[in-house]
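Please have the sequence and the structure open as I speak.

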Amino acid sequence: MSNPFIRIVEPLDPKQPLKKFFNLTKLEDVRYASLPFSIRILLEAAIRNCDEFLVKKGDVENILNWKVMQHKNVEVPFKPARVILQDFTGVPAVVDFAAMRDAVKKLGGDPEKINPICPADLVIDHSIQVDFNRQSDSLQKNQDLEFERNKERFEFLKWGSQAFKNLRIIPPGSGIIHQVNLEYLARVVMDQDGYYYPDSVVGTDSHTTMIDGLGVLGWGVGGIEAEAVMLGQPISMVLPEVVGYKLVGNPEPLVTSTDIVLTITKHLRQVGVVGKFVEFFGPGVAQLSIADRATIANMCPEYGATAAFFPVDDISIGYLIQTGRDKEKVMCTKRYLEAVGMLRDFKNSSQDPDFTQVVELDLHTVVPCCSGPKRPQDKVAVSDMKKDFETCLGAKQGFKGFQIAPDRHNSIVKFNFEGCDFELAHGSVVIAAITSCTNTSNPSVMLGAGLLAKKAVEAGLTVKPYIKTSLSPGSGVVTYYLRESGVMRYLSQLGFDVVGYGCMTCIGNSGPLPESVVEAITQGDLVAVGVLSGNRNFEGRVHPNTRANYLASPPLVIAYAIAGTVRIDFEKEPLGINASGKKIFLKDIWPARNEIQAVERQFVIPGMFKEVYEKIETVNKAWNALDAPSDKLYTWNPKSTYIKSPPFFDGLTLALQTPKTIEDAYVLLSFGDSVTTDHISPAGNIARNSPAARYLTSRGLTPREFNSYGSRRGNDAVMARGTFANIRLVNKFIDKQGPQTVHFPSGEILDVFDAAERYKQAGHPLIVLAGKEYGAGSSRDWAAKGPFLLGVKAVLAESYERIHRSNLVGMGVIPLQYLPGEDAGTLGLTGRERYTIIIPEKLKPQMNVQIKLDTGKTFHAIMRFDTDVELTYFHNGGILNYMIRKMAS
């Protein structure tokens, strides 16, 4: 049988840019110029890094006609130039590497072959929590507690930095991974031995896309996929469609970049961009700073795209200089991009590429807004917040509803805090956090918040003392310019002291609320509110006691903290009344755009970036003092509750096992739409009545030592028990929210882990039923690893978020998708049936497979292995098994 693939016959010189690979004629130069800039970088990375770039027979002449190639499902073997990791996903990645070395050795191979080939940077930013706030020493206390809780994890990571080549660790206290990448790690153009090529990156955090704002093509992948990339495997992806997002007009003076990104998020969710690239163009882009663009690119996962790309222009070049990069290298970068036609002028429409689809936004139409109360795409204009929240109170339980009885909408609970009496009601703000990579990277909104704080203090306004306020900057540079510009002391006076450098509240590391506040919320069954400048507000993520959470710009976070409630119309009602009896409205203290820009020009300067980043790897004395072993193979401590050798490779042999039909599987859980990775594998608080808590208690730990699920991702025993442990989980088998399910053989209602254990002991395979957007949210690989350990063999859903589907593939769990127009309802599925999934001997990408029920019903579903490479991983039982066999043989 002839090979259906052919190799491009032109000689490929890896020292030349993409245009040179094809020896283009003038006509072909025009075709190259019509390619979206993101596709140019994607193709270049594929060709430069791969021995052969395979395309389906007959497509070589269409190599630049990417639209034609899309419809032929051409696989692109993308090899990024770099990998970045954070500690929540980085620890399990290093655990897997250590376990893979053991497995390769057992199979007779050289364990040191398990080693990163491309540069990998791991930034520790997910471990610090807001245990202390509103104190001048909150930062030091939180950092001390972070080290006390996570010393074992940090020692393990330090071992990894010594045991593996090309793995650099950025110590805790340095900043948030994406801001550090933007301000310091990103090259824009790689310089290797005097030759240049575009920078590109994948990361084990879904918001890796933030770097797309600087013209570096990057996106988030699961930890297991990143591990394969680090070991030299390309990411095999079908050539994506590219949606051109045209920005025109100028934003209104009161509008922030946060308002723009929340507007774009809702718009693109409506357009539908899952699995696609979005590339921004049009004269409106020139109105946006790099920080503004990074904010928009950061929330790419919230609108579902793979990448959200802003090509490099003169503003990008200026940013590299502003952030202290070497000027000579920056000028080389500019000359290279000009030479290959990749320096963009957004005002020149003749440079506009040819897109699959074009959508447009007039920036002049954007209004101040928030998003919530449970999803980032649910935008609410600030002028409508009061009415919208009150509508949500009585609406049916769902994304926009809490189903509170009408006679309880105005319930009030009195409580005492630090000797003073206060009241809580539905809509009361109990958490106000300036946090996350999305906004703390942006000087305009951070200085805007500082100037608003200054005006608020000068007007005599305060924040109620029971509200948990916090400021967690994305890097030391932020603190530097807030302090130098003179606004830091006003932020502190309102309770927004620096509490740490990390993701903190945005990922659920919000720490405890005051006991009297929790008691009042519980007593009144109140819908209490968290307002944060983050990117995600999924149920149960921010804090167990805040049922409503709104994403907002940093200035609005302060405004709602001062108001103390979201049930306020800022246009008609005052923020507060000062000691003189004067009503102070938000418009009285809101800083003008030109005022913010003047402060930014004066105080955000290159010297700050140089000073902070010159010492970033050595400034943390506690990290420097850690003593880590130097052995190339890790010595596992059987008593550890943080670091444990995972069972993924137990019994692995060099010989492949033929995939078998899944027979008579029970449904472990049945879900509706928008089940997130936070629902599947929560990152925050370990509930005291959970299976994970019972396990940790049995190992001698007290509740104050539990830490978080995110911090324990190096221990599979904890993480398996934490799978589907989110307290806001909605399982159709149960009539209330909670992490439980029905064990059908006995009819008992059990914790999900306990039910799965019963099924496993009886030898019963499991599946999960779900609706649309299954696996939305974070890139966490434990959302796939956990179900795998519970015995889940397949998921049947209406649609998947990109990263989670890849993670399921990586673990050998089959992602099945209903045929178009079908779902559980149309097929009459209750989830109480038993399912037999017929796995044919010969598999091909996206083939239909037959599913038989014990009721006699039969239907078909799409097996979402999208490429031949993914099928190879499946035959190996997962991507890591494939890599071990490859290295061992």
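Let me begin with burial: I call a residue buried when its relative accessible area is under 20%, exposed when it is over 50%, and partly exposed in between, using a 1.4 Å probe and protein chains only. What you see is a predicted model, in which local features need pLDDT of at least 70 and side-chain atom pairs count only at pLDDT 80 or more, while totals for chains, interfaces and linings use all residues. Residues are numbered from 1 along each chain as its sequence is written, and side-chain values use heavy atoms, with hydrogens and water left out.

With that in hand, Phe281 and Phe355 are both buried. Rings of Phe, Tyr and Trp (for Trp, the six-membered ring) are paired if their centres lie within 6.5 Å, and the pair is stacked when the planes are under 30 degrees apart, edge-to-face when they are over 60, and tilted otherwise. The whole structure holds 29 aromatic pairs; one of them joins Phe281 and Phe355, a tilted pair with 5.0 Å between centres and 35 degrees between planes. Because Phe281 lies in strand β13 (residues 277-281) and Phe355 in the loop between α13 (327-339) and β15 (357-362), this pair ties together parts that are 74 residues apart in sequence. Helices (H or I, at least four residues) and strands (E, at least two) are DSSP runs here, numbered from the N terminus. Elsewhere, Phe97, Phe156, Trp159, Phe164, Tyr634 and Trp636 form one aromatic cluster.

Turning to the cysteines, how many disulfides does the count come to? Taking a disulfide as a pair of cysteine sulfur atoms within 2.5 Å, the count is 0. The sulfur of Cys300 is 12 Å from the closest cysteine sulfur, that of Cys437, and is therefore too far away for a bond. Cys370 is in no disulfide either, since the nearest cysteine sulfur, in Cys369, is 6.9 Å away. Cys300 is buried at 0% relative accessible area, and Cys370 also counts as buried, at 0%.

Next comes Ser472, which sits in the loop between β21 (468-471) and α17 (476-484) and is buried, at 1% relative accessibility. Its side chain is joined to that of Thr435 by a polar contact of 3.1 Å. Taking contact to mean heavy atoms within 4.5 Å, and leaving aside neighbours within four places in sequence, the residues that Ser472 touches include Ile434, Ser436, Val499 and Met504.

I will finish with helix α22 (residues 593-603), whose buried residues are Ile596, Val599, Glu600 and Phe603. These residues cover an arc of only 100 degrees around the axis, which puts them on the same side of α22; the arc is that of the directions from the helix axis to the C-beta atoms. The buried residues of α22 pack against α16 (443-458), α17 and α23 (606-614), whereas the face turned away from them carries the exposed residues Asn594, Arg601 and Gln602.

How values were computed: Polar contact = N/O pair within 3.5 Å; in protein donor to acceptor, adjacent residues only side chain to side chain.
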